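Here is a short note for a colleague who is meeting this structure for the first time. The points below are meant to be read alongside the sequence and the model.

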Amino acid sequence: MSEQKESPRHKVRRVSRRSFIAGAGLGAAGMWAASRGLERLGDDPARPPELYEYFVDNFWFKSAGLENQAINAPLKGHHQADIVIIGGGFTGLASAYHLSELMPGKKIVLLEGACCGYGASGRNGGFCDPGLPGLMEYAASAGLEAGRRAFEASTFGIAQIKQMISEHGLSCDFEENGMIEAAITEEQAASLEEEQKVYSGLGIKSTMFTGNALKEAINSPRYIAALAIPNGAILNPAKLARGMKPIVENRGVEVRERTVVLRVHPGKIHRIETEMGDITAPALVLGLDGYAPGLGFFRNHVMPMSSYVIATEPLSPAQWQSIGWSKRWGLSDIRLLFDYLRPTVDGRIVIGGSDYPCYAHDALSSGNNKPVIELLTQSLFTTFPQLEGLRIDHAWGGTMGISRDYTPSVGVMGEYKNIYYGVAYNGEGVAFAQIAGRIIAELMSGEHSALTELFVVNHPIPYMGPENLRFLLSEAYKTFLKWTNGKKVK
Ligand SMILES: Cc1cc2nc3c(=O)[nH]c(=O)nc-3n(C[C@H](O)[C@H](O)[C@H](O)COP(=O)(O)OP(=O)(O)OC[C@H]3O[C@@H](n4cnc5c(N)ncnc54)[C@H](O)[C@@H]3O)c2cc1C
């Protein structure tokens, strides 16, 4: 794929991502007619017809030993609870963790359609980003001092994961090595300089690498500059999700897996219908992110977007030496359709990104997508030609929730103000879902902290435009990007 130049309007990667999303939703009004007759355009022959794929070749699932783990029995018959949580990803599990602490004695039941960690939480890149999604935009509008306070509050996310590791013996290959962002073009290098200023204003130390220092740090002919920060970690996300399951169970939460929720009947007492039963509760938590529109929540406000990932075979020590990267940072470039790369504990490279398809009718990602996997493979060898010929052992994908303003929302809604939710993490939910779970528990229990003051609390999610049109526009926008960038980039 041709290199893509970052839009000069946008100074930092996060804002670039926002421009991509905004582009996807541009011109929605008035083009409704164009959304007609698009059904076939959105068809992906690789996409399975149902919510769950029959087979996902996910390295994280494999390394977490998922195939040998017990999956809990589904909910059958009629039940009652004080709190029902839908979704066994990081949001659902973190909500369960904090609710069981702040509201002891409440009967909490978590319903997961497949198994805990089956969604984005068990499939992602495992980047545990510092800060929170939307922070840069918030700092730009509210000022650096407010941004710094939000950043400090957000350190809760990574701290919470560390606490579960130390207190509960959770094992998730957590490595707090920091993050590095790389520039491919001069314009992107200038963007990194701007970003460094913002980091400094937020109180985050950063180091710029160029020339020989860059070659030693990351030996890639593709990069011309890179900016590293000591904050942030990488981990095995499936191990984190699967490890959180017994922790919340030990705190008394009833976890029901293989329990697909078919319908929610909201009310003062909610009734949640599942495939084999139903359950009522006065409080409901939605931990669904990109799956939320599928259950009828946040439709046309949260858009399911897919990201695909590959894992190489383990590199030899000589291969690792040839590419530098001894600091084992989480590495990403800052193109609009950026790549994210990270090492694994057994010496592989996991790389995701390159393209972020949306499917018509808000459909979920397929377990795999051959053209994107090919793009990722090419991209890996463009970044590290030294590794040409390296085998790709695994390839998979997942669905994340995207919003037009790139800002998540965590809050409470409904006629009786008893539906709690966290959605639209915009591809940065590993650390943030821990924060969201705590916010949900604090909102429900009436506690107040710096977290309930965060700008994401009850943040209104802007309208995205109708489903079919969004799909068409996002495809058109990506084609436009590839076309213009192909011209401009050397
Ligand atoms: C490929 C990929 C790479 C990513 N990389 C990163 C990264 O490196 N760093 C980062 O911070 N973020 C990353 N993200 C985003 C991050 O993974 C998500 O923001 C986060 O995991 C969302 O957690 P969640 O619990 O809210 O949702 P999910 O993990 O998606 O969980 C939702 C759960 O709900 C279940 N469910 C859905 N519908 C139903 C139903 N009807 N009934 C019952 N259960 C249902 C699903 O099975 C699923 O388990 C990535 C996402 C993807 C897809």
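1. Against which helices and strands do the buried residues of helix 12 pack? They pack against helix 3, helix 5 (144-154), helix 6 (156-168), strand 13 (283-286), strand 19 (409-413) and strand 20 (419-423), where buried means that 20 or more other C-beta atoms, placed from the backbone, lie within 10 Å of a residue's own.

2. This is a predicted model, in which local features need pLDDT of at least 70, side-chain atom pairs count only at pLDDT 80 or more, and totals for chains, interfaces and linings use all residues. Residues are numbered from 1 along each chain as its sequence is written.

3. The protein has 13 helices and 20 strands, which are DSSP runs (H or I, at least four residues, for helices; E, at least two, for strands) numbered from the N terminus. Buried residues make up 54% of its 490 residues.

4. Because 11 of its 14 residues are buried, helix 12 is largely enclosed by the rest of the structure; among these buried residues are Phe 432, Arg 438 and Met 444. Just after helix 12, Gly 446 takes a positive phi of about 85 degrees.

5. Around the ligand there are 45 residues, of which Gly 89, Gly 119, Gly 125, Gly 398 and Gly 429 come nearest, a residue being near if its C-beta atom, placed from the backbone, lies within 6 Å. Strand 18 gives the most to this shell, with 4 residues, while helix 3 (90-102) and strand 14 (303-312) each supply at least two.

Terms used: A residue is buried if 20 or more other C-beta atoms lie within 10 Å of its own, exposed if 12 or fewer, and partly exposed in between; C-beta atoms are placed from the backbone. Two residues are in contact if their C-beta atoms, placed from the backbone, lie within 7 Å.
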